[in-house]
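Thanks for coming, everyone. Let me put the structure up, and then we'll go through it quickly.

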Amino acid sequence: MDKIKDIQAIDNIEIVFIKFEDYKDIKQAMNEAYSNMSEVYWKEHHIKTLVEKFPEGQVGIKINNELAGCALSIIVDYSTFDEKHTYNEITGAYTFNTHTPEGDILYGIDVFIRPKFRGLRLGRRLYDYRKELCEKLNLKGIVFGGRIPNYHKYSSRLTPKEYIEKVRVKEIHDPVLDFQMSNDFHPAKVLKGYLEGDKESKEYAVLLEWDNIYYEKPSKKAAVKKTVVRLGLVQWQMRLYKNLDELMQQVEYFVDAVSGYRSDFALFPEFFNAPLMSEYNHLSESDAIRRLADYTEEIKNRFAELAISYNINIITGSMPEVVDNQLFNAGYLCKRDGGIERFEKLHVTPDEKKVWGLQGGNILKTFDTDCGKIGILICYDVEFPELSRLLAIDGMDILFVPFLTDTQNGYSRVRNCAQARAIENECFVAIAGSVGNLPKVHNMDIQYAQSMVFTPCDFAFPTNGIKAEATPNTEMILIADVDIDTLRELNQFGSVRNLKDRRTDLYSIKHKNI
């Protein structure tokens, strides 16, 4: 079956709970995934039992409403099993009577992806779901027996232990084991006779484990579950690139880096793609930036592919874009579920208007994401408090600000205003800018930045209102966790309550386009 060739044809990716009614699709998916193993698929009563016993543990991933793969799991009391258990034992001879809600380990029963959907890192999404489920249920970790399907090629000269070590150091490629280890699962031991009939693995398996670092021993004390969002900010180094491919290679490097830390968002700076204007330095500044705008559509599409492939929401920074012959400063929110939304810079600086001929946009709105509502304001826009207040009224929890400043004076305006927005709107604010210089690009000679994440100022937050800060003028990424539930508590119980205490009987602001 041919793989998906046009990733842009993907309109939606979603993880769904499996239902018994999905059995026909599940069987077809398994037959395709295990085409080299005859008659290997779950029977109807197996799926029915799993769904009835543990519905949260049985999920599928759909692309454009078509089932692409599944992940099945149970909860077990791991102390009741020998460390050298078999698949038959762990599943209770496929009855799944070994499942118990009072268990302490999430045990992976199966994960499979249809061949046509491979290469999109969908398996990683299913594993991320399992990790989140494990954390949510406060289980000690995830365990499963991983097949080693290429072992039969080396079994005459390598022991399983030697084979695993060579896979670990990349001397041998094993598609299953490589994938497991790249997703933070570590080999614990070799299981002999694990899966009866697995000729490719010679019936060996590797016991793989992932530890839940947030696990806490059960307590009778009341506890509030927190919603934590991880932000990945890219402090981008301006340097010359030969072409678009080379620039996007650097972009993917950073997306891969922040995604590797399981970030929910990646934020790029304003006009990060300015180095591509070096090719047009012989033109006037206004003509050169319009030529730069020719790349915007392609860059947007590539960002959308990266968002899907790396399972991360990406704020693309901003880029010049020509609409009806007018030049705007715009960017895109590329969601990991395949959605794409556009935002614009509303206020342009005198220099941007004079040198480039930029026009102010009209789009001001919040964006719904899988991590709650966010807002995006480009650079100068954060210096206008009315904008972020309107977004806060609409429910914004995190404000992202891609910026580009050449001097410390300009940076200080953005930085200080962004921090004020966090306090007055009871939200988190993340700002990301570019560093370095571009001597071969007119009007883009120097840059100054220090990317940061700001918080409100109260007892649940850092005393100085700074959650994290990058090293000034240095290329790097900044990773920070923000707890959305602390905003809810602040709004209700804070020392001061900026949103609730507004005197709307005396003043108000209104979005004229609504």
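Disulfides first. Taking a disulfide as a pair of cysteine sulfur atoms within 2.5 Å, the count here is zero. In general, a disulfide is a covalent bond between the sulfur atoms of two cysteines. Look at Cys457. Its sulfur has its closest cysteine sulfur in Cys427, 12 Å away, so that is too far for a bond. Cys457 is partly exposed, at 38% relative accessible area. Cys70, by contrast, is buried, at 0%. The cut-offs: buried is under 20% relative accessible area, exposed is over 50%, and partly exposed is in between, with a 1.4 Å probe and protein chains only.

A word on the source. This is a predicted model, where local features need pLDDT of at least 70 and side-chain atom pairs count only at pLDDT 80 or more, while totals for chains, interfaces and linings use all residues. Residues are numbered from 1 along each chain as its sequence is written, and side-chain values use heavy atoms, with hydrogens and water left out.

Now the whole protein. How many helices and strands are there? There are 13 helices and 22 strands. These are DSSP runs, numbered from the N terminus: H or I over at least four residues for helices, E over at least two for strands.

Next, dimensions. The C-alpha trace spans about 75 × 55 × 40 Å along its principal axes.

Of the 514 residues, 53% count as buried. Contacts next, meaning heavy atoms within 4.5 Å. Of those with a separation of 6 or more, 70% join residues 24 or more positions apart.

Charges, briefly. Lys and Arg count as positive, Asp and Glu as negative, and His and the chain ends are not counted. That gives 65 positive and 76 negative side chains, and the centres of the two sets lie 2 Å apart. Each charge is placed at NZ of Lys, CZ of Arg, CG of Asp or CD of Glu.

Last, two backbone details. Most residues other than glycine have a negative phi. Lys170 has a positive phi of about 70°. Lys170 sits in the loop between α5 (160-168) and α6 (175-182), and is exposed at 65% relative accessibility. Asp184 also has a positive phi, near 75°. Its loop runs between α6 and β6 (186-192). Asp184 is partly exposed, at 46%.
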